[in-house]
Amino acid sequence: MLRANAASVIEHYALSNRRLRIKISVIDSCRVDKEEREYHPRWTHDDVSAQSTARVDPREASAEFWRREAQDALSERLARAPNTRVAKNVVMFLGDGLSVPTLAAARTYQGQLEGRTGEEEFLSFERFPTVGLSKTYCVNYQVPDSACTATAYLCGVKNNYGTIGVTAQVPRRDCAASTDNSTHLSSIAEWALNAGKDAGIVTTTRITHASPAGAFARVANRNWENDAEVLVDNADPLVCRDIAHQLVHEYPGNRFKVILGGGRRNFRNETVRDEENSRGRRHDGRDLIEEWQEERRRRNENHAYVWNRQGLLSVPLDETDYLLGLFESNHMQYHLQADSESEPTLEELTEAAIRILSKNPEGFFLFVEGGRIDHAHHDNFARMALDETVEFSKAVQRAAELLSEEDSLLVVTADHAHVMSINGYSRRGRDILGLSDDRDEHGVPFMTLSYTNGPGFRSHTAAGSRPDLSGEDLTHEEWRSHVDVPLDSETHGGDDVAVFARGPHHHLFTGLYEQSQLPHLMAYASCVGPGLTVCSTDGASTTAPALIALLLVMLPFMRL
């Protein structure tokens, strides 16, 4: 009887224990489901086939589609032979502010312009064989500007925020410190000139802006684009020459064969109106555009100065050795807002530059900047940022068509990132510039492309919810994306940026590295500059085996 009761009690406790474990398991399962719902919500639009703005390729539903895509890509990689030739020509393309999210959004935008879902697209340079990442910080700043980054990727040395072409021993705005020649740096454009090559710069910003200035200027403040700006900082413009003056009168800028961009105002006096009736900004009474032309005449050099698209297209490029084109008083216009009759595209500027520079049998170095990607981001103009990126991609594509992969190295990168992100759980093919399929906790929609900060701030409602943007004209090119940190101008981001390379020694650009390594890698491939080059190492590699063979022959005699 006692044994039976004991057995019954044990069975009761065992059953209770199993029930308890089941309850705990159910509770844990509910907790997991709750977390899963929070982290990866199940929305009502899971059936994307009926709701996408563009149809997804039905072949993507099969495993074979993706296996074949991977095998084709693998075969393409295996078929590409190493290219260890000397790079006769080097073109560096700089997408100012071209962050990795901007790349992904722009390729989607490009595809959607052509009626496809977009996510599967490629920008022209995204098919280059080598991709790497560079670290963009300044010596004294965690998040950089375009001045210290230009010094890094063109001069090969990191320096201070806001300074160009000088070492980190020069504080910003310190004119006296910048006059010390030991702080002065040389760019890869100068290295190319010293090697007998030609050089040029192309940009959609002012030609004296921070990025192109990295190729020729040495200044303690990036804002010193004209003499008046030097005076603003209580510095002497005769001691610390402004950027425009350096471009026209100092080496290496005064030997650039091609100078194309905006910024006429920094070359002419404030009393002078330019070809489009805009006043200059200089205070010294000088006309640097005329001085540039006078120097060409003095040297008896074939040259041309142009200020609009018609002028550019009329230049006989095969007969012109020096070309100066300044197409706006300030920056060049955004592509979406430009007058196509008077404003050349970045693609057209790039082609003109390459055709002039290609006449040198020794080769050339060309810097090309899509500079207004950055400006659009600063204003939270997402549409214009993506459109400028697509225009930038067209310029790269044209260069790839004009230059042989066998002897021309193309490098595409950015100077820094921005704070735009791609977010929410939208269905495939959803308008990249539209509202996400998601809603916030108040049921208010938000944009697929969102910025952390900038001028697009809108106050929250009295109930504490975000404003509903769905009633605004989201298609306007100057529509500002909503942000929650109000600033006059959106900030840069401190992310690493992508580097794409095609041509001789493209494999050197893989991996993660300091941004300041970039000109050294380009110089190595093209045999310019003071550092290690493929030309110097080739000599060592061919001599070493001969020395070893000679030693082996002499070894028996040496033992005697």
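A helix axis, as used below, is a line fitted to the C-alpha atoms over the stretch in contact, and the angle between two axes runs from 0 to 180 degrees between their N-to-C directions. The structure to which the exercises apply is a predicted model.

**Exercise 1.** Determine how helix α4 and helix α15 are oriented to each other, and which residues make their contact.

*Solution.* Begin with the geometry: helix α4 (residues 146–155) and helix α15 (residues 518–526) pack at an angle of about 20°, and their axes are 5 Å apart. Angles under 35 degrees count as roughly parallel, and α4 and α15 are therefore roughly parallel to each other. Next, look at the residues that touch: α4 contributes Ala152, Tyr153, Leu154 and Cys155, while α15 contributes Leu518, Pro519 and Met522. Sorted by class, this contact of α4 with α15 has seven nonpolar residues, no polar ones and no charged ones.

**Exercise 2.** Find out how many residues of α4 are buried, and which elements these buried residues pack against.

*Solution.* A residue is buried if its relative accessible area is under 20%. In α4, 10 of the 10 residues are buried, so the helix is largely enclosed by the rest of the structure. The partners of these buried residues are β1, α6 (188–194), α7, β7 (364–370), β16 (492–493) and α15. After α4 comes glycine 156, whose phi is positive, near 80°.

**Exercise 3.** Classify the ring pair of phenylalanine 93 and phenylalanine 392, and then the pair of phenylalanine 216 and phenylalanine 256.

*Solution.* Two rings pair if their centres lie within 6.5 Å, and planes over 60 degrees apart count as edge-to-face; by this rule the count comes to seven aromatic pairs. For phenylalanine 93 and phenylalanine 392 the centres are 6.1 Å apart and the planes are at 80°, so this pair is edge-to-face. Phenylalanine 93 belongs to strand β1 (residues 89–95) and phenylalanine 392 to helix α14 (residues 382–402), so the pair ties together parts that are 299 residues apart in sequence. Both phenylalanine 93 and phenylalanine 392 are buried.

For phenylalanine 216 and phenylalanine 256 the ring centres are 6.2 Å apart with the planes at 85°, so this pair is edge-to-face. Phenylalanine 216 lies in the loop between α7 (210–213) and α8 (227–232), whereas phenylalanine 256 lies in the loop between α9 (243–249) and β4 (258–262), 40 residues apart. Phenylalanine 216 is buried, with a relative accessible area of 3%, and phenylalanine 256 is buried, with a relative accessible area of 1%.

How values were computed
Residues are numbered from 1 along each chain as its sequence is written. This is a predicted model: local features need pLDDT of at least 70, side-chain atom pairs count only at pLDDT 80 or more; totals for chains, interfaces and linings use all residues. Side-chain values use heavy atoms; hydrogens and water are left out. Rings of Phe, Tyr and Trp (its six-membered ring) pair if their centres lie within 6.5 Å; planes under 30 degrees apart count as stacked, over 60 as edge-to-face and the rest as tilted. Helices (H or I, at least four residues) and strands (E, at least two) are DSSP runs, numbered from the N terminus. Buried means under 20% relative accessible area, exposed over 50%, partly exposed in between (1.4 Å probe, protein chains only). Angles under 35 degrees count as roughly parallel, over 145 as roughly antiparallel, 65 to 115 as roughly perpendicular and the rest as oblique. Contact means heavy atoms within 4.5 Å. Ala, Val, Leu, Ile, Met, Phe, Trp, Tyr, Cys and Pro count as nonpolar, Asp, Glu, Lys and Arg as charged, and the others, Gly among them, as polar.
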